[in-house]
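Hello,

Here is the structure I promised to pass on to you. Please open it next to this email, and take your time with it.

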Amino acid sequence: MERKVGVIGLGNMGSAIAEKLAAHFQVVGFDIDEAKREAMREFGVMTESSIEAVVSQTEVVLLSMPKASISKGIVQQISPLMAKGAIIIETSTILPSEVLEMQVISMTHGVRLIDAAILGGVGHMRSQTATLLVGDSDNSAASVMHVLEAISTEVQIMGRIGAGMSAKIINNGVAHAVMSVIVESSALAVKLGIEPQKVYELLRGETALLRPLTHRYHERIQNGEYAGGMSTINARKDSTLFLQLAQEKGIPLFSVQAAHSVYEMAMQEGFGNEDYAAIAKLWERWSGIDFTE
């Protein structure tokens, strides 16, 4: 066993984190719920009745809170009590701007802070198949890498402080948007007499979900290569057919309808003969970014 590691917040995710850490470190935890503190003792986790008692014993503290405001309050409370150079690891899903606010507070007292967003649920954490997305501005993650690796299957340094949270929010946003596309598209398929299992087998292939990422985003957009390929004209045509078919069958569309408007705009911008990945150029102009950098 190495040094003690503190875990503040022993809810569903926090308890899973503490349980995994206890296999490698002495873990001392805190939660306002006494029953949750008691439940952790069977996993070899020491618990304390106050946050102050936890931080007085540890130089590495992980936070697992339901709200950013709670995390911020805890950072304000514990930073003056921690040793210079100690590290707070924020695992709660919050906005990157909120992580930055917490870092400012902690650094005032010489305490470092990184964000380590958890890609996966409680089940992933318990089976140690979660990925940690880390934001770190001063290479603090290197000194606690052994702690991060003890609760994950992979640690990805995404960029400066807040980048871990940004990456998780983006990943989850994509997942939720894709879910909407899948459901409304499947509703149309079932209405047309295609069995749900057949829809699954169709969409699990490369062309619908994977190729837009691996070919169009990675190979074309990241390299600014829009010549050849499937034209925006044809993409718009396919999108129009989808909308017409849904209208015929009375299937309401939200995500696909919104996506169609992007292809209409791309046509107006003169991208018709370019690969439909050229819609990326709209966002480059709107956002002042360059996907090739």
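Below is what was found in it.

This is a predicted model, in which local features need pLDDT of at least 70, side-chain atom pairs count only at pLDDT 80 or more, and totals for chains, interfaces and linings use all residues. Residues are numbered from 1 along each chain as its sequence is written, and side-chain values use heavy atoms, leaving out hydrogens and water.

Let's begin with the aromatic rings. A search of the whole structure gives three aromatic pairs (ring centres of Phe, Tyr or the six-membered ring of Trp within 6.5 Å; planes under 30 degrees apart are stacked, over 60 edge-to-face, the rest tilted). One of them joins tyrosine 217 and phenylalanine 291 edge-to-face, with 6.2 Å between centres and 80 degrees between planes. This pair links distant parts of the chain, 74 residues apart: tyrosine 217 is in helix H10 (residues 206-220), and phenylalanine 291 is in the segment after helix H13 (280-287). Helices here are DSSP runs of H or I with at least four residues, numbered from the N terminus.

Tryptophan 283 and tryptophan 286 also pair: their ring centres are 4.9 Å apart and their planes meet at 70 degrees, so this pair is edge-to-face. They are three residues apart in helix H13, so about one helical turn separates them.

How exposed are these two? Tryptophan 283 is partly exposed, at 36% relative accessible area, and tryptophan 286 is partly exposed too, at 42% (buried is under 20%, exposed over 50%, partly exposed in between, with a 1.4 Å probe and protein chains only).

Enjoy exploring!

Methods
Helix = DSSP H or I, 4+ residues; strand = E, 2+ residues; numbered from the N terminus.
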